[in-house]
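Dear colleague,

Here is the structure we spoke about, with its sequence. My notes on it follow below.

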Amino acid sequence: MTDLICAIATPPRPSAIGILRLSGPGAVAMVDSLFTPHGEGTLADRPARQLSLGLLRDTQGRLLDEIQAVRYESGYTGEESVELFCHGSPVVLALAMEAFCARGARPAGPGEFTKRAFLNGKLDLTAAEAVMDLIDAETPAAARNAVGQLTGALARRIETIYDSLVDVTAHFCAVLDYPDEDIDAFSQKTIQDALDKGAEELTALLATCRRGQVLTRGMPCTIVGKPNAGKSSLLNALVGYERAIVTDVPGTTRDTVEERCVLGGVLLRLIDTAGIRDTDDRVEKIGVERSRKAMEEAGLILVVLDRSRPATEEDIALVREAVSLAPTIILLNKMDLPIGLEWTEELDIAAHTPICARTGQGLEDLARLVALKFPQGGEEEGAILTNVRQAETATRALEALRRGGEALAAGMTPDAVLADVEEALAALAELTGRSVTESVTERIFSRFCVGK
């Protein structure tokens, strides 16, 4: 990290402000070669973290913009850096970027600023991952969780487990290496208690993974019902535009249609499915099979019934199937038409509410039901696992502790058992980034945007 990187940190479209960032040795000197603050002196003469207004020019001395600049002795990346606040013209920003590259700076790669922050010890790996989660957050809950993780909530939870295991290992090694010192004897119960406590805490941590996945990726929500019940109209009403084809011809939807929306504060990955019915049409039959598969993988199922018609045995069977697979809400659609459906005990096995998918009437009540089924909060904000990498490393740590506990119970000596403890410590170190391979860091930061 001896080179100087630069990047435009704002989207490539006209805006009020456009930001350009530089980081690395010589960042301030390079900016001073093109930037002249109003008044006396240079940017290097001004206090760190103080905005300076001045003129930015290209390498030929032509005026580009009047901007504000701020320098950092050890900023976000942990190294000398400068941020330039220009008017938000993509042309001006591109010309400024071109000028700095002509002076010897290198365009930053995706996530390179955050990667440098991690490598320089400004962020642990869970906090670095939270940066992208915060940028991508689609709900207030996701944003709150990401900023909690960014400020160390998950790292603190992991470090508590890590430190307790280090204490046990260090105690054992001290007893072996310094037998003549006045050190408390090491007992089998000591290590057993540490293994049990660590496994218990890791089990609880892994139990948060599904909630973390829902926050960052969304809850898979399958919309099912008979043909022409109003499933596609519901999808369109929830996403706010004509995403799915709607006609009065039954069986229009032959394949699953997916879209995202926020309902009741929950990010949903909506899946509109083919109408479920017995059919001899080979193509429609494939669609029905895919509908049932989507139900099996759903975290929430919305069963759409046409309340203007009497419920059939197929309707009742579909509700029963949905309830057996996932949390279910029954939507009694077409409330703008006369009621034809009679509510029975056979249907009264799930939450239900009337709606009109065509007009959007009743969707507020649906949002309240979704919020009740998936309440926010619980664990400390940010102290949950949010991606596959975190879950995989935590699982390896848990499995190692369980093996150690089984070995201890089988009569293995503590020194053999501690090999499993060391394996758990290695996995936890990888989780927070204490010890991580270059390939893992490359994979993590490759999904970041340039400029962050």
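Leu56 stands opposite Asp65 in strand β5. The two strands concerned, β4 (residues 52-57) and β5 (residues 63-72), pair in the antiparallel sense over six bridges; strands count as paired if DSSP finds at least two bridges between them. Strands and helices here are DSSP runs (E, at least two residues, for strands; H or I, at least four, for helices), numbered from the N terminus.

This is a predicted model, in which local features need pLDDT of at least 70 and side-chain atom pairs count only at pLDDT 80 or more, while totals for chains, interfaces and linings use all residues. Residues are numbered from 1 along each chain as its sequence is written, and side-chain values use heavy atoms, with hydrogens and water left out.

β4 and β5 belong to an open sheet of seven strands, ordered β3-β4-β5-β6-β2-β1-β7, with mixed pairing. The edges are β3 (35-37) and β7 (106-107); each has a single partner strand, so one side of each has no neighbour in the sheet. Helix α3 (residues 112-119) packs on the sheet and touches β1 (5-8), β2 (15-23) and β7, where contact means heavy atoms within 4.5 Å. The direction of α3 makes about 135° with that of β1 (angles run from 0 to 180 degrees between N-to-C directions; axes are lines fitted to C-alpha atoms, for helices over the stretch in contact).

Helices α7 (residues 188-206) and α14 (residues 414-432) pack at about 30°, their axes 12 Å apart. That makes α7 roughly parallel to α14 (the term covers angles under 35 degrees). From α7, Ile191, Leu195 and Leu202 make the contact; from α14, Pro414, Val417, Leu418, Val421 and Leu428 do.

Thr386 is in the loop between α12 (363-373) and α13 (388-409). Its relative accessible area is 3%, so Thr386 is buried (under 20% relative accessible area, with a 1.4 Å probe and protein chains only). Leaving aside neighbours within four places in sequence, Thr386 is in contact with Asp133, Asn145, Gln149, Gly212, Gln213 and Thr216. With Asp133 there is a polar contact between the side chains, at 3.4 Å (a pair of N or O atoms within 3.5 Å, one able to donate a hydrogen and the other to accept it; residues adjacent in sequence count only if both atoms are side-chain atoms).

Pro227, in the loop between β8 (219-225) and α9 (231-239), also counts as buried, at 17% relative accessibility.

Regards

How values were computed
Buried means under 20% relative accessible area, exposed over 50%, partly exposed in between (1.4 Å probe, protein chains only). Angles under 35 degrees count as roughly parallel, over 145 as roughly antiparallel, 65 to 115 as roughly perpendicular and the rest as oblique.
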